[in-house]
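Please consult the sequence and the model shown below.

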Amino acid sequence: MKTALVTGANKGIGHQVARQLGSKGFHVFVGARNLENGQKATEVLRKNGAMATVIPLDVSSSESIGNAVHFVSAAADHLDVLVNNAGVILEGDNSIAQLDPETVIKTFQTNTLGPLLVTQAFLPLLSRTKNPRVINVSSGGGQLADGMDTWAPAYCLSKTALNAVTCLFAAALPNFSINSVCPGWVRTDMGGANATRSVEEGADTIVWLATEAPANLTAKFLRDRKVIAW
Ligand code: NAP
């Protein structure tokens with residue numbers, strides 16, 4: 001049976017990705033930093049007919065990441081797909097001129113270092129499959145091409161650096177498929193009610209990369225199933 005771990009899968013885009021992978025026959029590991037919220041989200045997936053297991057996972061904690069590897073290893077001997085989805089915005093439309101270091105450090109801990117450490121920790125399980133797939137949920141806010149966005153600078157910096165994490169892992173692991181995705185502006189707690197996309201639309205490219213995309217598609221940044229500039 002194919003297996004997938006989605007971080008931050010208790011709500012928003014991550015939950016929708018977990019739901020779609022579950023309906024495609026994956027055993028889905030529902031990463032959640034709050035166990036109760038994770039259990040509720042896992043129940044929803046199970047009611048939908050999916051095989052789903054909650055995994056307590058705070059991606060900003062090395063200890064929690066280590067424990068999560070033990071939990072997943074106890075339930076599966078391999079991991080086909082890792083979706084590094086968990087993310088935070090801890091600021092408003094600040095200027096970089098006023099940005100405080102605490103905000104930068106905390107944002108990087110979850111959005112950049114989190115995916116890096118989670119990927120490292122799950123490499124042994126991922127390496128047991130023929131074509132492991134890692135999808136880093138990034139943002140157009142991290143795009144350097146055509147001038148950087150200036151809203152939420154700590155968040156945008158963290159996603160630029162996450163894209164670099166994608167490139168470095170892809171270069172180091174040539175038999176893996178490792179890509180970054182911009183889901184677009186999505187109606188979630190993070191995106192807000194005015195966002196232009198549904199969670200189904202936001203999840204689409206992520207699920208496609210996890211399942212149907214060519215196995216040799218790697219080291220790319222995608223939106224709407226198409227490669228975009230870094
Ligand atoms: P969301 O609804 O706020 O969900 C974020 C998820 O990440 C929640 O499950 C949250 O858990 C989890 N999370 C946060 N910090 C965590 C940590 N340290 N460890 C584990 N889980 C943690 O946001 P979303 O819109 O679905 O965002 C998902 C991803 O898409 C993020 O990486 C975001 O940057 C990216 N993205 C979103 C948009 C958009 O318009 N929505 C656009 C571009 C990119 P709790 O419930 O416990 O807080």
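Which polar backbone atom lies 3.2 Å from an oxygen atom of the ligand? That atom belongs to Gly-8.

## Basis of the model

The model is predicted: local features require pLDDT of at least 70, side-chain atom pairs count only at pLDDT 80 or more, and totals for chains, interfaces and linings use all residues. Residues are numbered from 1 along each chain as its sequence is written, and side-chain values use heavy atoms, with hydrogens and water left out.

## Ligand contacts

A nitrogen atom of the ligand is 2.9 Å from a backbone N or O atom of Val-59. The protein buries 93% of the 900 Å² that the ligand exposes when taken alone (accessible areas by the Shrake-Rupley method with a 1.4 Å probe).

The ligand is surrounded by 28 residues (a heavy atom within 4 Å). The closest are Asn-10, Asn-85, Tyr-155, Val-186 and Thr-188. This shell comprises eleven nonpolar, twelve polar and five charged residues, with Gly counted as polar.

## The pocket

A pocket is an open set of points on a 1 Å grid where a 1.4 Å probe fits, with protein on both sides within 12 Å along at least five of seven lines; lining residues have an atom within 4 Å of a point.

The lining of the largest pocket has 42 residues, and Gly-87, Val-88, Tyr-155, Thr-188 and Met-190 lie nearest its centre. By class, this lining holds 17 nonpolar, 18 polar and seven charged residues. Helices H1 (12-23) and H5 (153-172) (DSSP runs of H or I, at least four residues) each supply at least two lining residues. H1 gives the most, with three.

Notes: A polar contact is a pair of N or O atoms within 3.5 Å; within protein, one must be able to donate a hydrogen and the other to accept it, and residues adjacent in sequence count only if both atoms are side-chain atoms.
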